[in-house]
Amino acid sequence: LPLWGRPARRASRPGRRWAASTPAKPSAPSPASPHRPPTPNQGAFSNRSELRRQAEMAPTGDPMLWSAADAAAWLEENYPDAADKAREADVTGSVLCGMPEEQLKEVLGLSLIARRKVGGKLKALHEVAKARAAAAKRAAGPPLARILAEEGGKANERNLKAYEEAQKNEALNKDKIDDQLLEEQAVCGPCKWAVGQLHDAVAKAGSAWAKAEIREAKRAELQALGFDEPPGYSIVLVGDTGAGKSTLLNAALGEAAVLPTSGYRACTSAIIEMRHCGEDDEGGTRANQYRAEIDFMDSDEWADELDNCLDILTTQDGRAILNVGDSNNPAYDSFCKLRSVYGREYTSSRVASGQRNSDNRMITENMLVRDLRTKLNACRGITHALGTSKRLVCTSATELRAAVERFVDSTGDVSVGSFWPIVKLVKLWGPWDVLKTGAVMVDAPGVNDENATRDAIVQRHLRDADSIWICADITRAQNNKTAKDMLGQRFRQQLLMDDQVGSLVFVATRSDNLNRDELVHNLQLPADSTTEEVASARNARVRSGIQKDFIDGLVEVGEAAGERPDRAALARRFQLPIFCTSSVDFQKAAKIVPLSDGPPRVWTSNIEGTELPQLRNFVHRAAMSNRGAKTSAMVKRLLSSIEQLTSFLGDAGTASAARRDAARQAFEGKAGQLKDMIAAETDSFAHNLDAKVAELKPKLKAGAATATDACVEKMEKYGKGYRQGGLHWATYKATCRRHGEWRVNMNEELAMPVFERITAEWDRIMNIGFKQYLSDIEKSLLASFELWLDTVEKALVEEAGADRGRLGALRAPQVAAAKEKLKSAVADAGNAARTAQRESSRTITPQVKEGMVAGYDAAAAEAGTGSHKRRTAKLEAYVRDKRETIFAGAAKVVEGKVGEIVPGIKKSISGAAGTLLPSARVNYSTLWEEPSAQVSAARAALLKDVTPVRLEVQKALWKLQEAQGETIVRPDVDDDDLQVIDGPAAACGSGGAGGGDQ
């Protein structure tokens with residue numbers, strides 16, 4: 001199609017010949033575009049000629065139609081002569097939007113400055129056009145597989161980039177890490193200094209440089225700047241007992257054994273956070289680099305835990321069980337906790353029965369649980385620490401381990417006087433280079449911890465993690481017990497709903513554990529293969545198997561929702577970083593531990609084969625990438641705000657009273673249009689997003705109906721005898737006592753059909769869809785702002801005689817500031833939406849639990865002979881009676897919470913976009929200000945203070961961009977030669993851009 005829609009003849013240019021490309025006839029109002037429906041308030045901004053109407057009516061939204069129509073209207077309004085030449089050359093939209101600057105000169109006859117402005121505008125319009133076309137495609141509701149393939153991309157792109165870089169064996173030694181951190185400090189330092197200098201300069205300038213409302217507006221902008229420390233990078237390690245997490249962490253930290261690595265079952269019974277000693281350091285000396293902080297439960301939390309333990313350690317006649325020798329007994333863990341905390345005060349709690357034996361000795365019996373509870377509450381040997389925190393300072397890793405071991409280690413001898421059952425969280429600091437770039441490692445005891453307080457903390461860490469490492473012994477992975485089985489269906493569902501599948505890393509531990517001859521036979525390797533070659537081949541096979549099983553698990557999630565997932569699309573979207581590590585061989589090869597235990601078992605000549613160097617590099621690169629992106633955004637926003645202030649200070653006002661009044665009226669006459677455009681964009685955005693979110697409702701209802709049908713059978717299965725696959729009677733009772741959550745989570749199992757139905761749709765809408773819509777609204781709002789500025793400038797030139805060069809100087813920093821402001825606002829809205837949707841997805845199980853509480857309480861109240869049979873019957877009857885309301889009610893609550901997300905996003909983005917008009921009013925206010933020598937002198941003085949600040953921030957940004965590999969075009973002027981001579985005072989009486997009659 002030709003570019004030009006050839007509208008009716010313009011009254012302002014009589015005599016111009018026009019050739020219509022379409023018959024001149026009234027046309028019906030165009031249907032609402034997928035992202036920007038025409039509204040009466042949009043006026044000229046939605047009237048894009050017949051070509052624009054064709055673009056809006058196109059079912060998939062052709063980007064070239066959109067950009068051609070917008071380019072036609074914009075060029076017609078701002079460069080009419082160039083528009084005429086484009087018509088004569090019969091230029092198409094696709095040609096114009098992709099035309100380089102030199103061709104713009106040849107075809108349109110534009111000057112250098114005009115070419116740059118037109119070229120930039122056409123590029124921006126085409127980007128917005130592509131966003132609108134994408135929005136149109138989404139409005140048609142494509143299937144999940146198509147969205148995954150076309151729009152999902154690599155969800156873990158940053159993770160994969162760090163993984164690929166880590167595999168290059170370019171070790172990030174201590175010097176390189178220090179260099180990177182120094183580069184970051186060289187950026188952050190000047191920026192922090194700049195914020196302080198700006199506050200001081202504005203305070204020193206007093207009140208003469210601007211009116212009160214303008215000063216307050218600028219102060220508010222500066223107050224909002226700030227410059228925080230770059231964020232950390234959270235890594236949460238999860239895995240089965242015996243997976244080698246603690247040994248892996250010791251090796252990654254470069255220590256022999258700072259964490260306990262042996263003991264009974266769950267050696268790490270507490271949650272342990274590890275940070276570099278430089279973080280949150282309160283001035284400790286180098287000798288005190290190793291520190292620990294242990295947070296204990298409060299009294300209420302332990303009271304609940306004590307009740308739960310005693311409940312499962314209660315016999316049918318209400319007496320306490322004081323000894324459990326079988327580690328497979330459901331009551332064993334509870335026994336270990338009480339034995340560790342109370343020792344003999346618990347295990348020797350027997351009382352006289354009032355009867356004597358044949359030797360006339362008094363017969364004793366175990367205390368009643370109610371009496372034992374009273375006795376234990378009075379024992380404060382360990383529980384005196386409840387509600388407190390303990391801080392430790394050590395001089396070595398060995399000393400730190402010895403100091404914290406009794407707080408985290410649950411040893412096999414269930415030792416007396418251990419604190420681990422009442423510990424909530426342990427924080428460690430040390431001189432660990434692997435964490436120097438801001439990473440925080442979290443060693444979690446596992447999900448569904450019997451301790452409810454710790455389990456809540458683990459769940460929170462998982463929800464907020466930047467990276468989740470799944471750790472497993474390599475022999476499990478080798479025997480097909482890999483990613484699919486390890487994660488568990490519910491865990492996979494939650495990761496997909498949280499958009500965290502892309503943050504997964506799989507770490508297969510103990511790669512030095514192998515049977516060479518067996519592997520040579522199984523893998524069909526040459527008989528003379530070295531042990532390292534065999535291990536490398538086995539590792540490659542393991543990687544392939546884990547990746548396949550990982551995708552199989554995601555396919556299962558989609559199939560459970562009734563979808564037909566595209567394996568190829570899922571494989572393109574999710575590529576799992578996999579490391580096959582040998583911690584022990586690395587520690588020996590790196591001489592972290594002495595070789596008294598023997599040399600490395602496999603990796604004797606190649607330390608890279610242990611993959612610990614690559615894993616450590618991965619941590620550095622991922623953390624630095626995360627920090628770099630956030631730092632870059634903060635610096636750009638700071639620079640754009642300073643440039644806005646500089647632009648304002650460089651303009652001294654307008655001498656002519658008539659032009660001042662005309663400029664104010666011209667601006668205010670267009671102000672309403674920006675409000676209308678922003679409202680139209682955000683309303684359309686919210687409407688389309690609401691429509692997408694509404695697509696979840698049928699899935700929620702279907703899941704609730706399935707759960708309603710299946711719940712009775714599930715409860716009957718729990719109530720069967722222990723040998724028939726049901727729960728042990730003590731476990732069943734304890735689960736009821738804990739409202740359905742103990743060794744099994746009845747509430748989650750009952751809610752599983754709901755998750756099965758909604759997971760894939762939730763990911764498509766709440767993750768992929770939200771990201772695309774947020775990207776679209778950011779581009780559309782910025783494009784609308786620029787289009788509005790075009791109209792304002794046109795009105796100022798035509799009605800107030802404003803100089804285009806002066807307007808251009810005022811415009812550029814406004815656009816840059818608006819871009820950074822909208823980007824920041826959309827990012828904040830996206831983070832808030834992600835948090836809200838993760839909380840909403842976690843509402844289902846708690847709502848089922850709330851509906852089941854009355855049934856659990858009634859079942860738990862049963863006691864005495866035959867109580868288990870009565871308990872199961874009562875709970876099954878309750879489920880049978882209340883199932884309709886339980887699951888339908890849970891689905892309705894989730895609908896309500898999800899429905900609150902879109903209004904919140906709209907409010908946040910609208911609020912940020914709403915500041916564009918006041919900011920523009922402040923910056924353009926110099927056009928209707930009367931020149932004053934006092935004001936000009938004050939602005940010149942302030943500008944002289946602000947200019948070096950701006951230069952320092954600009955240099956900091958260049959330094960950061962160069963460090964991140966970006967191509968930087970610097971001016972040919974030395975920074976030291978850039979200085980303010982006279983500022984606006986010199987221009988006050990001239991006819992230049994700063995004042996006079998302009």
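Asp 651 is buried, with a relative accessible area of 3%; the term buried denotes under 20% relative accessible area, exposed over 50%, and partly exposed in between, for a 1.4 Å probe and protein chains only. The model is predicted, so that local features need pLDDT of at least 70 and side-chain atom pairs count only at pLDDT 80 or more, whereas totals for chains, interfaces and linings use all residues. Residues are numbered from 1 along each chain as its sequence is written, and side-chain values use heavy atoms, with hydrogens and water left out.

Asp 651 is located in the loop between α25 (612-649) and α26 (657-694). Helices (H or I, at least four residues) and strands (E, at least two) are DSSP runs, numbered from the N terminus. The side chain of Asp 651 makes a polar contact of 3.5 Å with the side chain of Thr 926, and it reaches the backbone nitrogen of Gly 653 at 3.1 Å. A polar contact is a pair of N or O atoms within 3.5 Å; within protein, one must be able to donate a hydrogen and the other to accept it, and residues adjacent in sequence count only if both atoms are side-chain atoms.

A search of the whole structure gives 12 aromatic pairs. In the pair of Phe 296 and Phe 407, the ring centres are 6.0 Å apart and the planes stand at 65°, so the arrangement is edge-to-face. Rings of Phe, Tyr and Trp (its six-membered ring) are paired if their centres lie within 6.5 Å, with planes under 30 degrees apart counted as stacked, over 60 as edge-to-face and the rest as tilted. Because Phe 296 belongs to strand β3 (residues 290-296) and Phe 407 to helix α16 (residues 397-408), this pair ties together parts that are 111 residues apart in sequence. Phe 296 is buried at 5% relative accessible area, and Phe 407 is buried at 2%. Phe 296 also forms a tilted pair with Phe 419, at 5.8 Å centre to centre and 55° between the planes. Phe 419 lies in the loop between α16 and β7 (423-430), so its pairing with Phe 296 of strand β3 ties together parts that are 123 residues apart in sequence. Phe 419 is likewise buried, with a relative accessible area of 8%. One aromatic cluster is formed by Phe 667, Phe 785, Trp 788, Tyr 924 and Trp 928.

An open sheet of 9 strands has mixed pairing and the order β6-β3-β7-β2-β8-β1-β9-β10-β11. Strands β6 (389-394) and β11 (578-580) stand at the edges with a single partner strand each, so one side of each is left without a neighbour in the sheet. Two strands are paired if DSSP finds at least two bridges between them. Strands β1 (residues 233-239) and β8 (residues 439-443) run parallel and are joined by 5 bridges; Leu 237 has Asp 443 in β8 as its bridge partner.

Gly 189 is placed in helix α9 (residues 174-205) and counts as partly exposed at 36% relative accessibility. Its C-alpha atom is separated by 9.8 Å from that of Val 953, 764 residues apart along the chain.

Cys 277 counts as buried at 7% relative accessibility, and Cys 471 counts as buried at 0%. The count of disulfides, defined as pairs of cysteine sulfur atoms within 2.5 Å, comes to 0.
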